[in-house]
Structures are given as structure tokens and as C-alpha cells.
Amino acid sequence: MVRYVANKFFFMLVSLFILISATFFLMKAIPGDPFTSEKKVPPAIQERLYEQYGLDKPVIQQYVKYLGDIVQGDFGISMKMINQDVSKIIGQTFSASLKLGVVAIVVAVIVGVALGMLAALYHRRLIDNVAMVLAVLGIAVPSFVVASLLQYVFASKLHWLPTMGFKGPLYYVLPVAALTAQPIAFIARLTRSSMLEVLHADYIKTAKAKGLSWMAILFRHVIRNGIMPVVTYLGPMTANIVTGSVVIEQIFGIGGIGKQFVQAISVRDYPLIMGITIFYGILLMLARFVTDIAYVFVDPRIKLTKGKEG
Amino acid sequence: MDTNSIKVMTTPADLTPDDFRKIGTDEKEAEVIQRESISAWRDAWQRLRSNKMAMTALVVLLLITITAFVGPLISKWVHGYNYYSNDLLNTNKGPSATHWFGTDDLGRDMWVRTWKGTQISLLVGFAAACIDLFIGVIYGGIMGYFGGRVDEIMNKFSEILYSIPYLLVTILLLVVMEPSLGTIILALTITGWINMSWIVRGEIMQLKNREFVLASRSMGAGSGRLLFRHLLPNAVGPIIVTVTLSVPNAIFAEAFLSFLGLGVQAPIASLGSMINDALTGWLYYPWRMLFPAIVISLTMLAFNIFGDGLRDALDPKLKK
Amino acid sequence: MEPILQVKDLHVSFQVKGGEVKAVRGMNFEVGKGETVAIVGESGSGKSVTAQTIMRLIPSPPSIIKQGEILFQGQDLLKKSIKQMEAIRGKDIGMIFQDPMTSLNPTIKVGKQITEVLIKHQKMSAGEAKKQAIEMLKLVGINNAEARFNQYPHEFSGGMRQRAMIAIALACRPALLIADEPTTALDVTIQAQIMDVMKEMQQRLGTSIILITHDLGVVAGMCDRVIVMYAGEVVETGTKWEIFKNPQHPYTKGLLRSMPRLDQKKGEPLIPIIGTPPDLIKPPIGCPFAARCEQAMKICERIDPGATVFSDTHMARCWDLHPMAKEGQSS
């Protein structure tokens, strides 16, 4: 168990290291430097700038310094927003994204599992069919289309919900709905197929032969085993919601990291792009790590098989 | 009770000795073959054909593809404009007889642009899927076939690559390399092939211990021959399904990149970039978003449904 | 012998796309107290369906119990409500299944899967149930039962899992145990051990057993009586000796010929029964075995034969046993 966790942790660190290095060297590979695109700067000032950003040193030295800074939580200074620490920008915008993300994850799991369970329990009946049509739509229709459509219908036309901003509970509804459409669909399908498998498993017949009531079987045997695969999806789902939020925040004007990211890309604010990329990377790999660990606790079989991948 | 007295069954009265004549074996059909045996592929095709949803999806896909290429031509013949010709007197106009899908902010015809955009999106989707297929099959084939050390190292490598969120890598790459059709496709495939390689690896590993492979090996077939003649053709089902399902993923990813301004650049348009362009005024000019959004949703929907149908047809065991 | 279970004229069908599969077509049999009865037949003969119908475990839909009675201790199980059936399952009738690999819940400790029955039916506290469960594990021959109690099924071998299944099925000392091909999925050496465990438990607890199997070797080891099923019907019943020494139905004879014996003469071949069982969506109007039968006569294809009774226990259904059969063949 300890070995398994250590193994996964080490794996996470390696991946992170590669991401950071790749980010760094890719940014260095950009022809010219961030200041060439600006209007002509006097050489003296240019040199000052170079010195300030440490661009006068050899690349390897810059790299080592960058790694060290990141370990200390310092992502450098934004190039376009005067005297703004990247980590400060991230810190300021993260709370909105975090709130949105956590609500979305909770909603996605609850709704997705409930939908999938209903579909499995009412297999081949109306609820099942409706749920599966919704699931296919959810998977196929891109989140930005869902978001725009929801915005148009419920905010712009019906005026039930606010169009933009992030000021209170009502402001959550549309972004969360748009953000969770796809995860809900995935979880519902996953839950359904795994529940169906469990419902037809021999050990359910054994449980029936024991004389357990249907409710007892459902709660003790079916649900637990049925939602197990959902745990494995938590990591990818977090990634899905995080990347999705980039677009959703933009559409609904939510001042989160995602929106900041889009802006940084559009003005080519390299330190900020790097910072957010790495921050996202840490977040997502952490989510994956937690998922891997969580799965061991849910599924006793995994201890023997030493890490089921994929 | 006398155990020796056999109690005879009650019988209908009208039996004759003739009823008790033996029938020769030729009169019997002991070993009737119940069903005509059909090949696995024809079997799969029949299952697919009977799946109405999947067939509808296939028809929709064909229609979209055909329209994507024929649609702009029609407009050119009828009205004489192409996807970049702008009509500055008619900007942001709703659908009309001359502009079937309306016009955008530069007065460009949305009908033509939507279908041009569909061409680009399909191209990106298919190209990315093909490259994924190519790399994935080779990489996965090697992993699965050789196994052991080779597999371990190669697998670890792909796992690490996979654990890095792929959209981040793609974004980074496109920030560095200026976005063009080529770089976008390249960026999309940088980690896209991994999934395919795992599918192929899994299939090959399962197949390689089967009797027919062992038989072929024992008759001296070489590695390459084994891999390409015996293993891969038998893994074709899951490969096709994966390709089918990876096309909409690539289309979506390109649309997502367009949102960040990293998709295909003007004057070329993809469905994603058109939706992004339409976003600013979309509450006032809904048609600018609506048509590309409908086409992209329909395309992805059809690919997903068809892919699912294909999987059910090719692997009846999985069918629930 | 006082019967504990009587099955009378049981008909069970399955609704499928192409129509209705008449899987069980008029089953009649009894199981006495402490008796072991084997139901023998090839797959699809309806033996498992019969077993699961007794437990009311076959899913409905697609299955329909068309008619018949299943009297258990004098009460018709087919008339019981779901709640009443739950009180009987596991307590008065235990059941074990073919594949011990999949019959235990992989995510619940083996011990807990045993205590579950005890808590449900004997209203035991968790502590009492644990003690009893460990006792059961010891009884079915699992060493180090205390430690095994806290293990998961994947930590058990196949044979041990089937022992655990027996422990679950017999935990409440049921009057009847239904064993649905309990050894089919196991190695031959393990098979014998499992049969021994069942025999021993039977002697200790006085349980009646219905043993569903296609393996006549298993039957010879532990059964008192044998019921031979074919295409949803009973074609022959008798005591073990009557069936082995004096089989009357061509199908029973065929089964015996296809089974290796110790007293087999050297070079004497095993003879398989050729052909496949009939399609039970459209069951033949005559004898269902006629199409595969070497003795088949004209009448066999027209009328399903009735029972010819040889003793209190021995019965077979075949036209060849009819007195007129000899006349017909000599003419």
C-alpha cells in the first residue's frame, strides 16, 4: 500500500517535472523575445528589462532558477500587467474558479450517478431511454454550444437567470449546467453500464438466494460495486471541468483563472501562460493522484494486482 | 406391491402396429444445421444495418460531408460568391433568399462559410485521427507484440505523456508555433495517439497467445508477418471504433482551441472559429452562432452514435 | 419417506424475440427428507431453470411460470409473496451456484457475506453472527477460519470459495439445499473434495439436497435418486441403482454410454449422443428425443409417450417400452 502510494506520487512528480520543463523550453524556443514585439525600446532600458527578468543569463541557469522559484510557489512576474506577480494573479482569480469547479464536480457526480442508476434500474424502459438520449447529447454537443444556448434561452430570452457575472447562487446555475453537461453524460453512461453488469452478476443471485430484500441488495451489493468505475473517472473529469471552465468563464464573464488564461494567450503574456499552465498541471495531476489512491480504498482487489493502469 | 409387474402407460386406442415401425436414420434429421454460417464481417454489417440509430447517424454524416463540399459550389453558381467575398452593405443580416444562413460582421455569406468551416473541421478531425491511427498502431503493436521490457518502458513513457493534460500541451505548442492547419493537427496528435496505442496493445496481447498465432509462429512466420498478417487484422474492430470516436474528439479540440484564438486563422474558418467569432454579438445575431453550432453538434453526435453502433456490431459480447 | 418438496406439473417459459421458449414442460418430482436427488441432463434441458424456479430466482420478465405447484413443507412456493419468499430463501432453502469465482461479491469480506444471512434470518447480533460464521467456515473445512473470515474472495482459491458458498448456503441449517452444478467449474480433485464437504454437511445437518449436474460421475458418488431431464421434460426417474444398472430410456442409456466407467472393457469406445436438443420455441409434438433416438419409431414423432412404471421409484417415458413396440418391429 505504502509502496503503491509512493509509486504513484513519484510518477506524479516525474510528469510534473516534464510538464514544467517542456513549458519552459517551449517558451524559450519562441523566436525573438517578449520585448521585441513592443514598440522600439531604447537599448539601455531593454538591458534593464533583460536583467530584471533574468533574460541575460544562459538558458540553463534560467531554467534552474525557474524550477527553484516554482518549488517556492513563485511563478515570476507578468509581462503585460505592470508589477503583477503571476502567483498573485493566480491567487486572486483562483477562488472564483475553485468555487465553480467544486460545485460542478459535486453536481456532476450526484446527477450523473443518479441518472445512471435510474437508467440501469429501469433498463430498457422510458427513463433509461430518455437518460441515454440525454447522455449522448451531453457527450456530443460541445460545452460552449450548450453554454451559449442556455445563456440565450434562460438569460437573454426568458430572463430567469443572470446572463453574466458571478455574484450569487443564481449566477452558478447556467455555468455549472454548461460545465457539467459532458461529465454528467459520461458518469451516467459509466454508472449505467457498470450497474447493469453488477445487476446481472452471479453474486447478486447469491444475495437473492440468501433471502436479502431488494433494498438490502441494492444498497449493500449493487450500488457500491456499481459506482466503483466512477471513482476512476474523477481524475479525467476534473481535467474536463478545468479545461471546460476556460471557455465557460469566458462566455459567462466569470473572473476566474480560465478567463485570465484566455487573455494571457491573446496578448501573449508568456510568464502568465506558463504560470497558469503549470498551475493547471499541478491541479490536474493532483486530482489524478488522489483518484488513484481513492480507488485502492474502494476496490479491495487492487491491492493484490498492484496498480491497474488506464 | 409386485415390483415385477410393469405398469404400462395409458395409450390412445387407435394405435396400430405400424405406428411402432422403426424409422430409418435417413428419415431423421438429427444433425440439421440450424443457421447458415456467415463470416464475422458480414455478421457485423448485418448487426450494424439493423441498428437504426447508427444507420441514421451514418446517413447524417454522409449528408454533412457531401453538403460541406457541394454546398459552397451551389452558392458560387447561384450567387457568385465564395467564403471570403464580403458584402459590406449587408453585414450581420439574417437568413434570406440570397444568404441562406445570413451574413457575418463582414458581410460574408454564412452558408458558404459554414460548409467551408465544416470541410476544415472534418479535415482536422480526419487528419488527426489518421495520424493517431498510424502512430498508435505502430507504437501499440510494438508494445503488445514484444511485451516484457520493451513494453514496460514504452508503456511508462506513454503513461507519463498521457498524464500531462493534453489540452495544456496543445495550447503550449500552439502558443509557440503560430497556428496553422498543419500545426493544429500536429498539436492535436501530440498525445492523441496514446489511447489508440493502448487499445492496439491490449488487443495484440490478447491475440498473440491464441492458437492460430502460435500455429503460425511454429510454422516459422516472422515477427513482421505475424504482426501485420495475423495480429493487426484481428484487432481491426476495436481500432476502427477508436478511430471513429477520435474524429469528433479532434473536431471538438480544434473548436476549443479556436476559443482561445489558437484555432485556424482567418480567412480560413472552422466551425469552432466561426462560433467563437459569433460569440460577441450572439445575443443579437443568433444565426451566426446557430448554424455552425448545429452542424458541429450534429457531426459530433452522429460520429458518437455511429461509433457506439459500430462497437456494438463488431463486438456482440459487449452489447447490453 | 415424507416428502419435503413436491414439484407438480411445472411449466416455465421464457419470452424471447422469436416467441416463447418452453424451457420446462411439465416437471413432476419429489424430494424426501434427508434425501439427495440428482437432476441430470445436458445444458438447455431445463434443469437449472427448475432449480431457480423453486427458489423463485428466475427473473420475470422474461420468464413466466405458466402452471404447476411447488410444495415445500406443504406450502406452495409459487403462491408466496416476495416478502415471504425472502424469509424462506437462505433460511429454509439454501442454494449454491456453478461458478464460485463470480458467486461471491468481490468487494465484501467473505466473513461478512456469511454473517449477512445469519443476521437476516437468525436475528443474531454482529458478534454472535461472526462466531457462528467462523464455526461454519471450520465446518466446511477452511483452515485458519478466523483469519479467513476477514479476507476478500480474491484471496481464496476456487475450491475454498465454493466451500465458503456452502457455508453461506448452510449457515441457517436449511431443510433443503439446491446445488446448481456446484463442481462444474472446479478441478477434478477439488470436485471430489467439495462433494465430500456436501455429503458430510448433509449427514451432520440432515439437509435434503437437489443436485443439478450433467456429470453422472458426481451422481454416483452421493445421490439416492436420479431424475433425467430432456428438453424440459422428465424422461426417466429411478434410484441411483435403477438408473445405473437398469436404464430404460434411450437417452439415459446414451448418457451412460458416453460416460467413462471403471468397469469399462478395454477398447470399448465412449459413444456420444449425436445431434442437438430440439428448439423449445416449437417443441416437437412427439417424443422430444425422437430426432436423436436410434430406436425411433413412427409413433415417436406423433405422440409424446406416457410413463411406464417399473417400480415405486423407477419410471421412464418411451414408446419402446410399450408392449406394442415388439409387435411393430417384428411385423
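UniProt positions are given in the numbering used here, and annotations may be inferred rather than shown by experiment. The structure is a predicted model.

**Chain A: annotated regions**

An unreviewed UniProt entry marks residues 9-30, 100-122, 129-150, 170-188, 230-252 and 272-298 of chain A as "transmembrane region". Two of these spans are described in the table by their secondary structure and by the separation of their end C-alpha atoms in the model.

| Span of chain A | Helix | Strand | End C-alpha separation |
|---|---|---|---|
| Residues 129-150 | 91% helix | 0% strand | 23 Å |
| Residues 272-298 | 100% helix | 0% strand | 38 Å |

**Chain B: fold**

Chain B contains 11 helices and 0 strands. Its pattern along the sequence reads α-α-α-α-α-α-α-α-α-α-α. Of the 320 residues in chain B, 43% are buried. Among contacts in chain B with a separation of 6 or more, 69% join residues 24 or more positions apart.

**Chain B: confidence**

The mean pLDDT of chain B is 79, with 87% of its residues at 70 or more. In chain B, helix α3 (residues 110-146) has the highest confidence, at a mean of 90, and helix α8 (residues 223-234) the lowest, at 74. Residues 26-36 of chain B have pLDDT below 50, and this stretch has 10 contacts in the model beyond near neighbours in sequence. Where pLDDT is low, predicted coordinates should not be read in detail.

Key: Residues are numbered from 1 along each chain as its sequence is written. Chains are lettered from A and ligands numbered from 1 in the order in which they are written. This is a predicted model: local features need pLDDT of at least 70, side-chain atom pairs count only at pLDDT 80 or more; totals for chains, interfaces and linings use all residues. Helices (H or I, at least four residues) and strands (E, at least two) are DSSP runs, numbered from the N terminus. A residue is buried if 20 or more other C-beta atoms lie within 10 Å of its own, exposed if 12 or fewer, and partly exposed in between; C-beta atoms are placed from the backbone. Two residues are in contact if their C-beta atoms, placed from the backbone, lie within 7 Å. pLDDT is the predictor's confidence in each residue, from 0 to 100.
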